[in-house]
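Subject: Structure handover

Hello,

Here is the structure you asked about. Please open it alongside this note. My findings follow below it.

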Amino acid sequence: MSVKSVKCDCGHINHEGTVLCEACGKPIEGNQHIDGNDEKHVLEMRYEGSARRSKTYKRTFIDKTWAFFSSVKVGVWLIVITLVLSALGTIYPQEKFKNSPLPSSQFYVEEYGLTGKIFYQLGFHNMYDSWWYITLVALIGVSLIICSIDRYVPLRRALKNQKTKRHEIFVKRQRLVSEDNNLTEDDLNQLKTNLKSKRYKVYEDDGHIMAEKNRFSRWGAYVNHIGLIIILIAAIFRMFEVMHVEDYVWVREGETRVIPSTNQEYYVKNEEFIYEVYDPVQQEQFRMALEDVENPVPKNFQTNAIIYKAVGETITGQEPELEEVERGEVRLNQPVTFDGYSLYQAGTQVESEYDSMTFTVSLEDESLGEFTFDTDDAPPQFELESGTTVNVDGWFPELEFTESGPSSFSKFPRNPGMILSVENPETNNLERFFYLQEDIVPLSDENQLAVEVTEVDRRSASGLSVKKDYTLPLFGVGAAIFMIGVVQGLYWYHRRIWIHPKDGKYLIGVHTNKNWFGMKQELDKVTSGTNVGEFTDQQEMK
Amino acid sequence: MEKKKKRLVFRTIVLSVLVLTLIFVLVVNANQDRPKLEEGDPAPNFKLDRLDQEGETIELADLEGQGVMINFWATYCEPCKEEMPYMDQLYEEYNDQGIEIIAVSVDKNEIVINNFYNSLDLSFPSVHDKNETVMEAYEVIPLPTSYFINPDGTIERVVQGPLTLERLEEYFLEILPQ
Amino acid sequence: MDFYSISSGFLYATFFIYLIATAFFGMTLGNKRDDNKKSKATKYAMIFTIIGFISQLTSYIFRWLEAGHIPVSNMFEYVYFFGMMLILAFIVIHYVYGISALGLIALPVAIVVIGYGSMFPQEVAPLVPSLQSSWLYIHVTTVGLAQAILAISFIAGMLFLIVKVDQSVRSKETTFLELIIYGILSTIGFIILSTTFGAMDYEAVFTKEIDGYQEEIEYDMPALFAPHDSEIITEDRFASGLETPGWMQGVDAGPKLNSLVLSLVVGLILYAIIRLILRQRVAAYLQPKFGKISPDVVDDIMYRAVAIGFPLFTLGGLIFAAIWAQEAWGRFWGWDPKEVWALVTWFFYAVFLHLRLAKGWHGKKSAWLAVIGFVIIMFNLIVINLVIAGLHSYA
């Protein structure tokens, strides 16, 4: 037993730092400053006057650190700092939203001037992943845990040890008090009945009565803190690839692609991409809104996808044997899920590329045959039935002209250019043509043959994000526990009424942890039909 | 006194766990953007059809004992094309000493790869990563990216961006079989 | 009569009815009137409030029928819903606590809020793919209700401050209180400007070169601040010669800054006129009018509103929002500006509750926090949507 423990007049032995005796509630001399009871008449009941450990000894470094984090004030400051910084981070877009090819070091200063430069130099452009932001959130977590431990343990003990029979001073210094009541046996019985009907538990000891209800409400704060801690733990788990994967893939119509971050186990085929817009004629009610904007309003983005799984061992680079595992329509708000992964409709390039172009070759209006150039798989040479040969001398998927002539900006056939040379047994001459923008330009005036574009086939590209997140249930559990704790703590009230006999009269003290307005209304009902006098609110605001 | 000691131990444990968790989280966070494939790791195996020799394939695993340079490139990437002559020049010199080059093109259409390969009269194996699976396995983002693989199959060096003749030779020497 | 016209008709009626209700609430004030008259005034005020609410609800339902989806998909509709929930929350609070003075703040605030929302395009618009989800109903309505309840805490806070701030000397508190009133007047200023120049079909067009293209920028109010480096092309239109500073980005930076400054100017004029008439601080004038109300009860309303609004906001603004984000984008949290501000709001009310429940911040301190909380909510609704705008850009 600690040397410094305090023995109350009632005989109960309290821990060092106790403000109100755990058993009878009598204020312990010399400790009243801890809860500020020395300055007010009404006793501070928030922690039942229990000995919060952090308030007791602060000798070692550990104790000091503990005391620091167990302070609500520190916790509140941490939240306020995080709140202000979070808000500041939204002044300019975060790095990942900046949507510019410029590097961040130039982007912020060029786009936003001096303030942008400061924003960048302070590291606010990448705030929410930064080590200091994570540290701040973690410190809130530390404060949450230590505050909870430091308060929960002594509070629970104090409530467990409380006696029905309380010290007079304790009852008198409650916020709602009614003194000098002349109560008959009938009055007391009526009171007890009323209390029970209001779901109070009524205890009696030597003429003293205590009624209590909803003690569990006091634990609400700790329950919701546990919920928050679970959410923070879930956030830590989410940092690992085993638990959480995020990737992105563009799939063109007709194309089958490996789904990234799945160890090349899964493939996705884009069977068809569907893009629909609202029609102001069909949907009359939207006419005004639709005619107000320049561009059509999209109604649907949809990828008809087939998911395959690679069977057996395939060496990377070889065509795997694929087995269909899922088939579905990926839409915004409607992902397709397979084996723990989900595909989300995330990006669209509607009809942005050429899939194929069909040409006819003719000599003096007589057709020499036709051929189709498939932009991905075309062979370098086409033999037409008439014996005509078409060679693809140059292929520029996204044509641009540089100093060294035509070249390509990318591999995607968004604006293709092509150099064709056609050899015909009759003309016996190599004639060259240039294809660009769905048209053919002969490269020499002497060309006798004619090449024409007869058909072009376009395709859309669909951007799909790939996600796997096994931490979701944990976040869900955390959120649920948080909500339960909040409701438990805010919507039920821990209420106690002490009836204290004194010189043939009765002193009544009332405590509720919240909602004094409701307590007063409940008291009217509890005391109805009895001779209990008016209650004075010793703390009412004037 | 016993009680006080216990309390100190309890507080020390709780605080240490919290501090260690924080450090752990910060370390994990700092490493989040680091590539998974790093120098020293075994190079992922792959097998692709050769464009320069019809019907032939090339598989990385078969090249054990040789130093291998895997060069990811594309025809629309100018710096990629600029380093090709250096690679060809050194290939003639080092191929006999046990260095192999695999030029992995990530273009879509083979016409452009072959046109370029033939126009420079290159001699090292040319392959086409049509489905971009090799690119995915090697986490290639910018082009060109070159991997230099030791004879034992581990990655000696990863180079993002074009190489000069001198540096290329220097890196070849690093992976030269003994 | 189509549904849209019926809806608009009821909306106009609603404004009118709320104004009548406000007038009746006004009659409940003052110490000279006898209690009997006061309670009669309260009764009529409440009757009109409820009729107004029913009218607004009817308008809302007809709009819903017209659109085929719940009207919470743009700025006008959301603010409209928020205003409606504000009135509903007030009606409920009134029957629990019976403080009619609350109505004298709640109704004008609701009128200003709905009026502000009405300045945005009111056409019924179809849902873009990202909004086509049942979570739109759940997430947005819960947030709207939660914010309305939190707004009740602001209204109670205002009432508390009007009654309790010492008006005998000038202090920081009296200044801030006047600032809040000035803020409300500026919003009215914006409504007056938009309505007046809207009725005149005012338009001034400027051209400006952006990324090598000539862009046309339209102003629907006189341009106090022209766009940076621009030229006016409409004739006979006011040009002050002032320009929007170059660091303000975006095509619409000019008109946005212009509307803001003009609204603040009109707000200042309104405030000056009121001050001239009253010859004292507005809050000082109001203080005796509100007479004897129980500060404890108002304080309790303030707390109770947060105690209900906070969990509801957590549910709607964070949990439901996260579930929907997970379903639509595959990530439940993405640090989008709107998400960050939801978190900021949540943090703020968490601080409110901690200071109140663990540190004993009651009364005035708590009231100031309730006011700041509402400022944060309005900031999220207005500034984030209109200026910063991430994935949630409405207007």
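Start with a pair of residues in chain A. Tyr354(A) has Arg458(A) as its bridge partner in strand 21 of chain A. Please keep in mind throughout that this is a predicted model.

The strands behind that pair come next. Strand 12 of chain A covers residues 341-363. Strand 12 and strand 21 of chain A run antiparallel, joined by 17 bridges. Strand 21 spans residues 449-469 and also pairs with strand 6, residues 244-252 of chain A. That pairing is antiparallel too, over nine bridges.

Still in chain A, look at Gln539(A). It sits in the segment after strand 24 (536-537). Is Gln539(A) buried, partly exposed or exposed? It counts as partly exposed, because it has 14 C-beta neighbours inside 10 Å. A residue needs 20 or more to be buried, and 12 or fewer to be exposed. Leaving aside neighbours within four places in sequence, Gln539(A) is in contact with Val42(A) and Arg175(A). Phe517(A) is 22 residues from Gln539(A) in sequence. In space, the two are 12 Å apart, C-alpha to C-alpha.

Now the side of chain A that touches chain B. Here 35 residues of chain A are in contact with 36 residues of chain B. Four elements of chain A each supply at least two residues to the chain A side: helix 1 (61-69), helix 4 (131-161), strand 7 (256-258) and strand 15 (389-396). Which of them gives the most? Helix 4 does, with six residues. By class, the chain A side has 18 nonpolar, 11 polar and six charged residues.

Strand 15 of chain A turns up again at helix 3 of chain B. This helix runs over residues 110-120. Its buried residues are Glu110(B), Ile111(B), Val112(B), Ile113(B) and Tyr117(B). The cover over them includes strand 15 of chain A, plus strand 4 (99-105) and strand 5 (126-128) of chain B. Just after the helix, Asp121(B) takes a positive phi of about 55°.

On to chain C. Chain C has 11 helices and five strands. Its C-alpha atoms fill a box of roughly 70 × 50 × 50 Å along the principal axes. Take the chain C contacts between residues at least 6 apart in sequence: 78% of them join residues at least 24 apart.

What about the nonpolar cores? The largest has 148 residues. Those with the most contacts inside it are Leu86(C), Ala110(C), Ile155(C), Ala156(C) and Leu159(C). Beyond its neighbours within four places in sequence, Leu159(C) is in contact with Ala101(C), Leu102(C), Ile105(C) and Val298(C). A second, separate core has 38 residues, including Ile70(B), Cys80(B), Tyr94(B) and Val104(B).

Last, confidence. The mean pLDDT of chain C is 87, and 94% of its residues reach 70 or more. For the complex, the predictor gives an ipTM of 0.89 and a pTM of 0.89.

Best wishes

Terms used:
Residues are numbered from 1 along each chain as its sequence is written. Chains are lettered from A and ligands numbered from 1 in the order in which they are written. This is a predicted model: local features need pLDDT of at least 70, side-chain atom pairs count only at pLDDT 80 or more; totals for chains, interfaces and linings use all residues. A nonpolar core is a set of buried Ala, Val, Leu, Ile, Met, Phe, Trp, Tyr and Cys residues joined through C-beta atoms within 7 Å. Two residues are in contact if their C-beta atoms, placed from the backbone, lie within 7 Å. Ala, Val, Leu, Ile, Met, Phe, Trp, Tyr, Cys and Pro count as nonpolar, Asp, Glu, Lys and Arg as charged, and the others, Gly among them, as polar. pLDDT is the predictor's confidence in each residue, from 0 to 100. Two strands pair if DSSP finds at least two bridges between them.
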